[in-house]
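Subject: Structure handover

Hi,

Here is the structure I promised to pass on to you. Have a look at it first, and then read on for what I found in it.

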Amino acid sequence: MPGAFHSLLLPLQRKRKSKRHRSRNHPKENKPKNHLAAAGDPSFHLKSSASASSRDIGCLVQPLGNLFLAATPRANLRDAGLGALRPLPDDLLLDVLGLLPARDLAALSAASKALYVVAAHDPLWRAFVLDELGGAFDFAGSWRTTYIAAASGGQPHLIPPRALKIRGFYSDYLFQSWLCANMEMRHEWLARDNIERRRGISVEQFIAEVEEPNRPVLLEGCIDGWPALQKWSREYLLEISAGKEFAVGPVSMTLDRYFRYADNVQEERPLYLFDAKFAEKVPEMGRDYEVPVYFREDLFSVLGEERPDYRWVIIGPAGSGSSFHVDPNSTSAWNAIIKGSKKWVMFPPEVVPPGVHPSADGAEVTSPVSIMEWFMNFYGACKTWEKRPIECVCRAGEVVFVPNGWWHLVINLEESIAITQNYVSRRNLLNVLDFLKKPNASELVSGTKDRVNLHDKFCGAIEATHPGMINQLQLEAQQKAAARKKQASFWDSAADAKSGGFKFSF
Ligand SMILES: O=C(O)CCC(=O)C(=O)O
Ligand SMILES: [Fe+2]
């Protein structure tokens with residue numbers, strides 16, 4: 001069902017909680033929560049691959065607004081068929097169904113048409129597949145059919161040939177979930193590109209003009225020599241990584257299984273391959289790239305084997321990505337695209353993105369259920385803000401520098417392969433040390449098992465390898481702060497507060 005699509009959906013804000021600092025491992029899947037919001041533009045373009053397939057039940061659900069505006073009065077199938085569960089809002093209803101074992105959910109789905117629709121909500125089946133099969137699943141077009149195929153032990157006659165065509169079920173929650181999985185990114189979400197692009201700058205320029213002021217930048221031409229750019233076709237990666245498993249959300253998968261999933265999936269938050277040990281598992285991958293010249297000072301390397309995770313290969317289909325987060329341990333990062341393209345949205349540390357709510361201690365963040373949901377409900381909110389986000393589309397061969405503390409969201413616009421590394425240079429060493437010694441370091445620090453002792457270990461190792469560096473940086477920071485204060489007080493005394501005028505008072 002590609003093309004323009006109109007519906008009467010009152011935009012719904014479904015939320016979930018996660019760690020504020022992206023930890024790059026996903027211990028468990030989060031359950032969404034919902035709230036009603038103000039109305040927005042109801043027209044959407046569906047992807048050409050939008051699943052109106054015989055296996056997809058989500059596409060039969062309509063938003064509640066359609067029920068109220070129907071030419072002839074009609075009833076919502078939901079009301080008649082849920083029995084005692086009827087008063088529950090959809091998110092709670094799904095939470096309750098999520099407590100059932102797969103067999104009971106399947107049995108429940110035979111009780112009424114309404115329960116058939118709700119029990120077919122694919123994220124419920126995704127949880128069963130990932131819990132029971134880990135990454136050893138063969139994706140069969142939907143999580144429900146994947147589970148049934150695996151549970152029926154490959155006996156095709158047990159697999160339902162298609163889903164029942166049930167009409168008359170109205171639910172904003174289920175509709176929005178389906179819509180976010182199937183709609184195209186809108187042109188207006190992609191058009192704004194205000195990042196500074198630099199090509200061929202020297203390391204000194206990078207430090208003075210980008211790293212010191214802690215500003216995002218897109219670097220062109222600095223990975224042109226990477227063998228990965230030429231070599232990393234699917235075939236090559238499959239060949240060099242045969243039999244190896246990579247971290248994909250909460251499970252591990254071989255690349256061939258992951259690609260089969262990525263080719264057939266149409267879901268709101270596709271599983272994302274994000275692996276910190278790729279270069280240890282597949283040394284060829286480590287040899288096919290090198291750290292761009294700007295990021296070679298890597299002070300965490302003094303910790304040797306005990307350094308926190310710092311490099312990842314990232315692979316995902318269109319629609320996969322990283323929802324708003326701040327990078328771990330107050331590090332900065334670079335993200336280089338080898339194949340595909342990514343849309344970036346970044347906010348400076350002092351501006352929390354709309355729709356994102358960090359907890360007071362900074363350990364958790366509540367944000368929209370998915371990246372698409374953020375674009376639908378919040379992208380427009382910052383149009384009138386004084387501090388608008390830095391945005392860009394980054395393409396193969398380009399590198400985004402993510403300064404420490406900046407919030408960022410990234411969505412793959414096509415299947416993409418990237419390498420990212422987080423690093424500490426002397427420009428952000430003091431920040432990182434401050435972060436590591438926060439009172440709730442045991443919750444905030446990530447990428448290592450020994451979270452609480454990382455600060456002392458790191459200080460000790462820096463002192464041993466770079467004696468006096470920390471003191472020197474502290475001294476320089478004090479001098480800079482004093483100079484800033486002096487400058488500020490000069491202008492205070494220069495301005496005549498009473499007259500609002502200006503005078504020099506030497
Ligand atoms: O999905 C991506 O490429 C962004 C990755 C990212 O932000 C991160 O690794 O912290
Ligand atoms: Fe990040």
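Let me begin with one pair of residues: in β17, Val-399 is the bridge partner of Ala-336. Please keep in mind throughout that this is a predicted model.

That pair belongs to a set of four bridges between β12 and strand β17 (residues 398-402), and the two strands run antiparallel. β12 also pairs with strand β19 (residues 416-423), again in the antiparallel sense, this time over seven bridges. Here Ser-332 has Tyr-423 of β19 opposite. How many of the eight residues of β12 are buried? Seven are, so this strand, residues 332-339, is largely enclosed by the rest of the structure.

Now for the overall picture. The chain contains 20 helices and 19 strands. It has 506 residues, and 39% of them count as buried. Among contacts with a separation of 6 or more, 78% are between residues 24 or more positions apart.

On confidence, the average pLDDT of the chain is 88, and 87% of the residues score at least 70. Residues 1-5 have a pLDDT below 50, and this stretch makes 15 contacts in the model beyond near neighbours in sequence. Residues 497-506 also stay under 50, with nine contacts beyond four places in sequence. Where pLDDT is low, the predicted coordinates should not be read in detail, so please keep that in mind if you set anything up from this file.

Back to the strands. There is an open sheet of four strands, ordered β11-β18-β13-β16, with antiparallel pairing. Its edge strands are β11 (321-326) and β16 (390-395), each of which pairs on one side only. From one strand to the next, the twist averages 15 degrees. β11 is joined to strand β18 (residues 407-412) by four bridges, and these two run antiparallel. In one of the pairs, Val-326 has Trp-407 of β18 as its bridge partner.

Elsewhere, strands β7 (residues 245-248) and β8 (residues 251-254) pair in the antiparallel sense over four bridges. They form a hairpin with two residues between them, and Gly-249 in the turn has a positive phi of about 50 degrees. Glu-245 has Thr-254 in β8 as its bridge partner.

Turning to the helices, α3 (residues 90-97) has Asp-90, Leu-93 and Leu-94 buried. These residues cover an arc of only 95 degrees around the axis, which puts them on the same side of α3. An α-helix has 3.6 residues a turn, so residues three or four places apart point the same way. The buried residues of α3 pack against α5 (113-119), α6 (122-133) and α8 (172-182).

The helix α6 has twelve residues and spans 16 Å from its first C-alpha to its last, close to the 16 Å expected at 1.5 Å a residue. Which of its residues are buried? They are Asp-122, Trp-125, Arg-126, Phe-128 and Val-129. They cover an arc of only 160 degrees around the axis, which puts them on the same side of α6. The buried residues of α6 pack against α4 (102-108) and α7 (143-151). After α6 comes Gly-134, with a positive phi near 55 degrees.

One last item concerns Thr-465, which lies in helix α19 (residues 454-465). Thr-465 counts as exposed, with 12 C-beta neighbours inside 10 Å.

Best wishes

Definitions and conventions. Residues are numbered from 1 along each chain as its sequence is written. Chains are lettered from A and ligands numbered from 1 in the order in which they are written. This is a predicted model: local features need pLDDT of at least 70, side-chain atom pairs count only at pLDDT 80 or more; totals for chains, interfaces and linings use all residues. Two strands pair if DSSP finds at least two bridges between them. Axes are lines fitted to C-alpha atoms, for helices over the stretch in contact, and angles run from 0 to 180 degrees between N-to-C directions. A residue is buried if 20 or more other C-beta atoms lie within 10 Å of its own, exposed if 12 or fewer, and partly exposed in between; C-beta atoms are placed from the backbone. Two residues are in contact if their C-beta atoms, placed from the backbone, lie within 7 Å. The arc is that of the directions from the helix axis to the C-beta atoms. pLDDT is the predictor's confidence in each residue, from 0 to 100. The expected span of a helix is 1.5 Å times one less than its number of residues.
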